[in-house]
Amino acid sequence: MTVLNVNGQQHRIDVDPRTPLLYVLRNELKLNAAKFGCGLGQCGACTVLVDHEPVFSCILPISVLEGRYIRTVEGLGSEGRPGPVQSAFIEEQAAQCGYCIPGMMMRAQGLLEHNASPSDAQIRDAMAPNLCRCGTQMRILRAVRRAAKAMMADAGTMQETAK
Amino acid sequence: MVWRVLLTVVVVIGVAFGAFYAWAWNSEIPPTNAPAALFDPGIVAKGAQLAAVGDCGICHTQAGAKPYAGGFPVQTPFGTIYGTNITPDPETGIGSWSETAFRRALHEGVDRTGNHLYPAFPYDHFTHATDSDIGALYAFLMTREPVAKANRAPAVPFPLNVRLFAAGWKLLFLHKGQIPPDASKSAEWNRGEYLAESLGHCGACHTPRNVLGAEKRDAQFAGGQSEGWLAPALNAASPAPVSWTAEQVYAYLHNGFAKQHGLAAGPMQPVVRNLKKAPDADLRAIATYVASLAGSQNDAEREQKMQATLDFARSRDSKVPMPLSGAITTSTRAGAEPGRTNDDSTAPSGAVIFLGACASCHHSGGELPVSRPIELGLSTPVNAPDPAALLRIVLDGIHPSSGERGPIMPGFSGALTDPQITALVSHVRSQFSRQPAWPNIAAALTKVRQNKEPATEAP
């Protein structure tokens with residue numbers, strides 16, 4: 001039995017401990033945001049956050065994840081209440097086929113949690129592991145910049161409210 | 001009596017220092033106006049190839065900035081020295097340097113105005129370069145785009161920042177002069193030796209250094225360090241289980257990959273990128289020379305060692321279950337779970353981590369998947385005397401430089417915890433290498449995590 005904390009909820013999972021996290025997310029927990037692309041940690045479609053770090057869930061066995069904090073796109077917001085990264089991707093219409101987008105959003109979220117106002121070079125550097133074959137990279141970059149601004153504004157509002 | 005002895009000592013020291021100072025003193029070479037002479041395009045092209053072999057652009061280019069305009073931090077145990085601007089800008093670069101001044105810098109480590117240069121600039125190698133090669137390099141650099149970018153002062157503490165120390169260093173460690181050809185070897189080998197020992201300065205990373213930062217002459221190519229990476233031994237101490245052939249060294253230098261040995265990573269990546277601009281014949285010459293350093297192993301011996309190494313890994317492989325083929329198998333939990341350690345039921349063993357995180361690309365004993373990583377049993381880092389290189393690769397992965405094609409290995413820095421990485425690396429060593437286990441992987445991991453490499457971006 002492996003206990004996983006996904007988006008703040010504890011799940012008891014009874015599968016082989018070598019099973020990659022991605023299969024557990026999709027097949028056991030029915031969290032279908034993270035996608036299977038290459039299965040070899042080369043494309044980034046399966047990116048999720050573990051303890052605030054973006055990881056390839058297709059090559060991460062669940063046995064290494066007990067006691068750690070896993071987040072997927074489902075944890076960023078809902079259809080009715082999208083989180084700032086999701087809103088930014090919608091507003092910039094960053095998706096074409098959309099297959100890479102959940103991985104892109106998680107990597108962007110990870111970047112912005114470490115660095116609230118990244119430079120363009122830092123955004124490119126951070127997003128480099130995730131591939132998009134449609135060619136919406138410029139929109140994705142705009143979405144990350146927009147999300148950074150939105151999150152900064154939110155943080156500002158929260159500080160105001162706290163006063 | 002005491003006074004007389006003291007006086008004698010003072011006089012002797014004074015005379016010795018005076019002699020040293022006179023020896024160490026270099027006159028300024030008058031500035032020239034930007035050389036009006038048009039350089040022969042053939043000579044410039046030759047200079048471009050030599051600059052590629054010499055990797056000038058790596059230390060003389062700051063990440064993301066204009067090529068050859070300086071600013072790259074060269075970290076040494078004595079402080080950080082920044083590569084200087086070697087574009088032909090007359091104020092901040094070397095635009096006012098005559099060819100004589102340029103040659104003196106490479107041969108003697110003295111700048112145009114007569115200052116001693118720190119040996120982070122590898123003039124202990126460049127001193128062997130021929131006048132005509134230096135002339136070609138000069139022609140190449142003088143025809144680059146001039147960039148006005150002031151040099152950054154070295155961050156070297158007192159008293160090492162006194163330039164006269166560099167003169168003392170040279171007295172001990174600078175061995176000038178041409179490399180005498182070895183008549184018993186082929187012309188190709190001799191060409192390779194010349195390039196590797198002079199402009200190529202391979203030993204700057206691959207030879208260990210003494211306390212004064214000089215390469216140990218009695219341990220040439222016995223392996224060194226570069227930017228936190230292992231620069232493996234190229235001599236008989238090479239950790240490669242199967243010795244390199246000239247053909248394999250050539251493939252490695254040319255493509256950054258030799259399938260029997262591995263992938264160029266870390267500071268070797270920009271070296272490979274530069275060597276793409278070098279003539280093929282020169283690459284083959286360097287390969288011939290480098291392959292000869294480890295002594296001779298014939299093809300039969302090599303084949304036998306290769307087989308033994310692979311058989312070893314495969315024999316160990318049968319002790320742990322093969323990776324999943326894709327579908328989830330629900331555990332029946334009858335008896336002990338395969339690969340779990342007995343002492344701590346919640347901590348996954350190195351074998352389980354390997355099977356979940358690494359085996360989809362790296363499993364041995366069968367056809368490798370599309371990305372074709374090397375057999376880990378043949379890997380130099382897996383067989384190296386210390387785990388630093390393997391840890392670095394597990395943490396950061398291997399990535400082609402920006403805009404280049406090449407195999408990717410993802411890094412596991414954020415994905416695995418320190419105890420998990422330690423268990424994994426320990427497992428990889430015991431499964432794939434016949435070398436003894438590494439004694440303290442956890443301590444090495446802490447050190448590697450602290451020692452981040454600086455960003456390298458060369459033209």
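Predicted model: local features only at pLDDT ≥ 70, side-chain atom pairs only at ≥ 80, totals over all residues.
The phi of H52(A) is positive, near 75°, in a residue other than glycine, and H52(A) sits in the loop between strand 3 (47–50) and strand 4 (53–56) of chain A.

Residues are numbered from 1 along each chain as its sequence is written, and chains are lettered from A and ligands numbered from 1 in the order in which they are written.

A second residue of chain A belongs in this part of the talk: N7(A) is not a glycine and yet has a positive phi of about 50°. N7(A) lies in the loop between strand 1 (2–6) and strand 2 (9–13) of chain A, and, because 17 C-beta neighbours fall inside 10 Å, N7(A) counts as partly exposed. As background, most residues other than glycine have a negative phi, and most peptide bonds are trans.

The peptide bond of interest is in chain B, where the link from F158(B) to P159(B) is cis, with omega near 5°. P159(B) is found in the loop between helix 6 (131–142) and helix 7 (164–173) of chain B.

Let me turn to helix pairs, beginning with chain A. The axes of helix 2 (residues 84–91) and helix 3 (residues 101–114) of chain A come within 10 Å and cross at roughly 130°, where axes are lines fitted to C-alpha atoms, for helices over the stretch in contact, and angles run from 0 to 180 degrees between N-to-C directions. Helix 2 and helix 3 of chain A are therefore oblique to each other, given that angles under 35 degrees count as roughly parallel, over 145 as roughly antiparallel, 65 to 115 as roughly perpendicular and the rest as oblique. From helix 2 of chain A the contact draws on V85(A), Q86(A) and F89(A), and from helix 3 of chain A on I101(A), M105(A), A108(A) and Q109(A), two residues being in contact if their C-beta atoms, placed from the backbone, lie within 7 Å. By class, this contact of helix 2 with helix 3 of chain A has five nonpolar, two polar and no charged residues; Ala, Val, Leu, Ile, Met, Phe, Trp, Tyr, Cys and Pro count as nonpolar, Asp, Glu, Lys and Arg as charged, and the others, Gly among them, as polar.

In chain B, the axes of helix 8 (residues 187–197) and helix 12 (residues 280–292) come within 7 Å and cross at roughly 90°, and helix 8 and helix 12 of chain B are therefore roughly perpendicular to each other. Among the residues making the contact are W189(B) and L195(B) of helix 8 of chain B, and I286(B) and Y289(B) of helix 12 of chain B. The residues of this contact of helix 8 with helix 12 of chain B divide into seven nonpolar, three polar and five charged.

Now for chain B as a whole, which has 18 helices and six strands. Of its 459 residues, 40% are buried, and of the contacts in chain B with a separation of 6 or more, 66% are between residues 24 or more positions apart.

How many residues of helix 1 of chain B are buried? The count is zero among its 23 residues, and helix 1 of chain B is hardly covered. Helix 16 (residues 388–396) of chain B, on the other hand, is mostly covered, with seven of its nine residues buried. Those buried residues of helix 16 pack against strand 4 (229–231), helix 15 (380–383), helix 17 (418–432) and helix 18 (441–450) of chain B. After helix 16 of chain B comes G397(B), whose phi is positive, near 75°.

Finally, A204(B) has its place in helix 9 (residues 203–206) of chain B and is partly exposed, with 19 other C-beta atoms within 10 Å. Leaving aside neighbours within four places in sequence, A204(B) is in contact with P122(B) and H125(B).

Conventions:
Buried ≥ 20, exposed ≤ 12 C-beta atoms within 10 Å, placed from the backbone. Helix = DSSP H or I, 4+ residues; strand = E, 2+ residues; numbered from the N terminus.
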